[in-house]
Amino acid sequence: MTYQRNQQNVAIANVSRRGMLKSVAGAGVFVLAAQFPAVRAAKAYATGADKMPHGVVTNPHIFVSIDKDGIVTIVASRAEMGNGAARTSLPMIVADELDADWSRVRVVQSPGDEETYGNQDTDGSRSVRHFIQPMRQVGAGARKMLENAAAKRWGVNANEVVAKFHEVVHTPTGKKLGYGELAADAAAEPVPAPETLHLKDPSAFRYIGKGNITIVDLFDITTGRAAYGQDVRLPGTLYAVVARPPVFLGKVASYDATATMKVPGVVKVVAIDGSPPPAAFAPLGGIAVIAKNTWAAMKGREALKIVWDDGPNASFDSVAYKASLEENVRKPGRMERNEGDTDAALKSAAKVITAEYYSPHIAHATMEPPAATARMADGKLEVWTSTQSPGGARDDIAKRLGLDPKNVVLHEMLLGGGFGRKSKWDFALEAAVLSKATDGAPVKVVWTREDDIQHGFYHTVTAERLEAGLDKDNKVVAWRHRSAAPSLFANFVPDNKLPGFIELGMGFVDTPFNVPNIRLESGEAQSHVRVGWFRSVNNVAHAWAIQSFVAEIAHQLGRDPKDMLLELIGPARIVDAPKKATTEWWDYGEPYDTYPVDTGRLRRITELVAEKAGWGRKLPAGHGLGIAAHRSFVSYIATVVEVAVDNKGNLSVPRVDTAIDCGFYVNPERIRSQIEGAAVMGLSLAKYGEITLKNGRVEQSNFNDYQVVRHDESPAVTNTHIVENGIDVPASGVGEPGVPPFTPALCNAIFAATGKRIRRLPIGNQLA
Amino acid sequence: MVNVRVNGQEHTFDGDPSMPLLWYLRDELGLTGTKFGCGVALCGACTVHLDGDAIRSCGIAMSDLAGKSVVTIEGLDPKGEHPVQVAWRNVSVPQCGYCQAGQIMQAAALLAKTPAPTDKQIDDAMYGNICRCGCYQRIHTAVRAASKGA
């Protein structure tokens, strides 16, 4: 294992007026190529990358450069929020194909600019699957140009030279030239034609698949040098906190800032306008207090006297809303997928099993609360922030401020956690708006934890109702699933009451079961808060309900839950769900030919985790095992949780086993860290996660009443079992898919240990 | 007027005496390795050493710091080679990294007083430091690796 002292995010130390490439890669660098058409090597597989806004850009002058000392600089253009993909795994792919010495590789962060770098929206667990092929091509193209330059220098045939570990070697004589010595010549070489590109044989990989590289920010993180959005400090910075309407879509009726202005250090009070729905990521509005330090701003905010007009959500109440969702799944809804005649099959069934599951809103609670700094000078705006979508944020900021995007520079910082929250750049828009009021001084908007918990984009609340009809042989012959959950599309579509295709595609219409009569329906659900995607999104509730229900059926039939699950998955086949869906089909944006729902892989992952976890092993009293399997983000994951519940109802998790089939994988070390983290996040949402509203106001405020799992209650051991796949098996998601199977596996384990079935989250004191 | 020593350097503070140490470190001294996570001593992201004890810098006012000595993550070891930092790297603990300075300061204070802690002592000492990415398993392993007799 090696770690490197990574140079600081160059964006923050740099001046914006330099050219794009210089501001990223620094001066004095030999840039390798001018033009490199996007190509697919022969063995490339199709992904949905091209359908993303601005697609994928593979021009190597954007991504890789080599200076005369041989230092290779690779540009990270996507957001780094902790899964290691953006700043370590993707650059590692380039370095591997380039056959570079990793200790001589530097990674720098690009600004938000999708025209130059391609899609930067770091959502949907797609960095590796969308970028493995382009990154390999970039590395291989640069390698070829270095080889051509060396051959020319030596006056030998290009097929006599080979690039090897930061040097090009003339094979017959053993002569060598370092990459640094060749960089200038390589830059003058023509870009290789696509058909001449040789991607490495996987047996030659140095880094890909090995897990021998630690994250590039490791040293900086352990020494306090790593800089996040909250850490931006520029000369003359002013600090702002915002008093936002306590009820979504509320407004300021009137305010009095007299006492605020008397707080030492307070400079100014500025009103921020909200937006009518659908407001996308617009600021919520409110009153900003701008001060010379964060503390003064916070004290100034406390001294504000504001009369709020609470608006249309003033009486919103989570208890009443739960009842309305449950009512809506007890009656027919919009049909989303239909096979056979489910209603008739349920009527004629020998037995019908029914269960309902409810899970509440939850908050992302990233360790770093949102923050952004903005400076407006001479009609140009610079923003420093931590966002999952630097390009999208830049363009939207430009649009809302009426600026040409060329006059907006967004410097992307490390993210202290993302989980979907920081895909929404409302905090950056707040800073941009306030920068118009500070006479050219940088202004930093700091969200407190209370702001974060009370003004988030919440994981959706859902009611799920499942009914299974059994024939006289106890085979499941009918499956009806109704789901009602307010949609994230309400941020974008007026008066939206039904789920969008993305939400339906996440573990609902793609239900992989081998049942002749399947009917899936959506109940209406109006949104009264900002609903936003949270790690794994609707997969979490769908998988929890479906995988719990499978275990409930098993129990009623006296069957082993794993066997029941395998029977429902059925024989290995490609699910033809797209043909059966009655609404728009969505498979994580991927072509179905490349990423079909393959029940063979789902079976194998279930069998693998059962074997690795010792399914059926003898356990101490009060312990139980639970299993769940779920495909999401085009990966296949299965989890076995061992739980222990004491006689007071306290639960602990001695062991978790998770098996993942994510196609061809790049960085197994970071896959393990994601799976370990997913277990902790799954346990947090299962045990504690709940945002409730009363009179339109969020009732929780900080880690006292919005608890998350702490050190002592974390799963003691999470074992990760990664399926080995060849490079022809398309890479698939890792960051999110670990979460969905955890909660049902936990709840199934609790049932095995105690006989208590959890149908409402969080678990809270239900076991007491 | 408060005289306080931070990472071995004397400083004089004449601002709002109710300002928590956290904001003095971050906004005034630029020591941003000490992180803001909750502001009310619930998450541990802002953990520093006060005369050798791990404390939450968001929960102590500047007026209480006269004559005291504060060490932040930046001052834990001049080269970043404190055994806890080394263990953190060897175990590859961090994901996003935001909480890790606080975790490391907490672990360093624990091991200074209890060089060979039990699992329970590690649990108890680290209880106040939240990691939302869920690195606890590796944090535990790293604390164990940095302890005596490991």
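The model is predicted: local features require pLDDT of at least 70 and side-chain atom pairs count only at pLDDT 80 or more, whereas totals for chains, interfaces and linings use all residues. Residues are numbered from 1 along each chain as its sequence is written, and chains are lettered from A in the order in which they are written.

Domain 1 of chain B contributes 15 residues to the contact and domain 2 of chain B contributes 12 residues, two residues being in contact if their C-beta atoms, placed from the backbone, lie within 7 Å. On the side of domain 1 of chain B that touches domain 2 of chain B, S3 and S4 of chain B each supply at least two residues. The largest share of this side of domain 1 of chain B, three residues, comes from S3(B). By class, the side of domain 1 of chain B that touches domain 2 of chain B holds six nonpolar, seven polar and two charged residues; Ala, Val, Leu, Ile, Met, Phe, Trp, Tyr, Cys and Pro count as nonpolar, Asp, Glu, Lys and Arg as charged, and the others, Gly among them, as polar.

An open sheet of five strands in chain B has the order S2-S1-S5-S3-S4, with mixed pairing. Helices (H or I, at least four residues) and strands (E, at least two) are DSSP runs numbered from the N terminus, and two strands pair if DSSP finds at least two bridges between them. Strand S2 (9-13) and strand S4 (53-56) of chain B stand at the edges with a single partner strand each, so one side of each is left without a neighbour in the sheet. Neighbouring strands of this sheet are turned by 40 degrees against each other on average, direction ignored. Strand S1 (residues 2-6) and strand S5 (residues 69-71) of chain B run parallel and are joined by two bridges; Val6(B) stands opposite Val70(B) in S5(B). H3(B) lies across strand S3 (47-50) and S4 of chain B, at about 35 degrees to S3(B). Axes are lines fitted to C-alpha atoms, for helices over the stretch in contact, and angles run from 0 to 180 degrees between N-to-C directions.

The contact between the chains takes 46 residues from chain B and 52 residues from chain A. On the side of chain B that touches chain A, the elements giving two or more residues are helix H1 (21-28), helix H2 (83-90), helix H3 (100-113), helix H4 (119-126) and helix H5 (136-146) of chain B. This side of chain B comprises 24 nonpolar, 15 polar and seven charged residues.

Chain A contains 22 helices and 27 strands. Its radius of gyration, taken over C-alpha atoms, is 27 Å, which agrees with the value near 27 Å for a compact globule of 768 residues; the globule rule is 2.2 Å times the number of residues to the power 0.38. Buried residues make up 59% of the 768 residues in chain A, where a residue is buried if 20 or more other C-beta atoms, placed from the backbone, lie within 10 Å of its own. The domain assignment of chain A gives domain 1 (10-223), domain 2 (229-312 + 370-446) and domain 3 (318-363 + 457-754).

A further open sheet of five strands, in chain A, has the order S13-S21-S20-S19-S14 and mixed pairing. Its edge strands are strand S13 (334-339) and strand S14 (351-359) of chain A, and neighbouring strands are turned by 10 degrees against each other on average, direction ignored. S13(A) and S21(A) run antiparallel and are joined by five bridges, and Arg337(A) stands opposite Leu520(A) in S21(A). Helix H11 (residues 318-328) of chain A lies across S14, strand S19 (462-470) and strand S20 (476-484) of chain A, at about 150 degrees to S14(A). H17(A) also lies across S14, S19 and S20 of chain A, at about 145 degrees to S14(A).

Trp533(A) is located in the loop between strand S21 (517-522) and helix H17 (539-557) of chain A. Trp533(A) is buried, with 24 other C-beta atoms within 10 Å. Residues up to four places away in sequence aside, Trp533(A) touches Asp123(A), Gly420(A), Ser423(A) and Leu488(A).

Methods: Buried ≥ 20, exposed ≤ 12 C-beta atoms within 10 Å, placed from the backbone. Domains from an automatic or database assignment.
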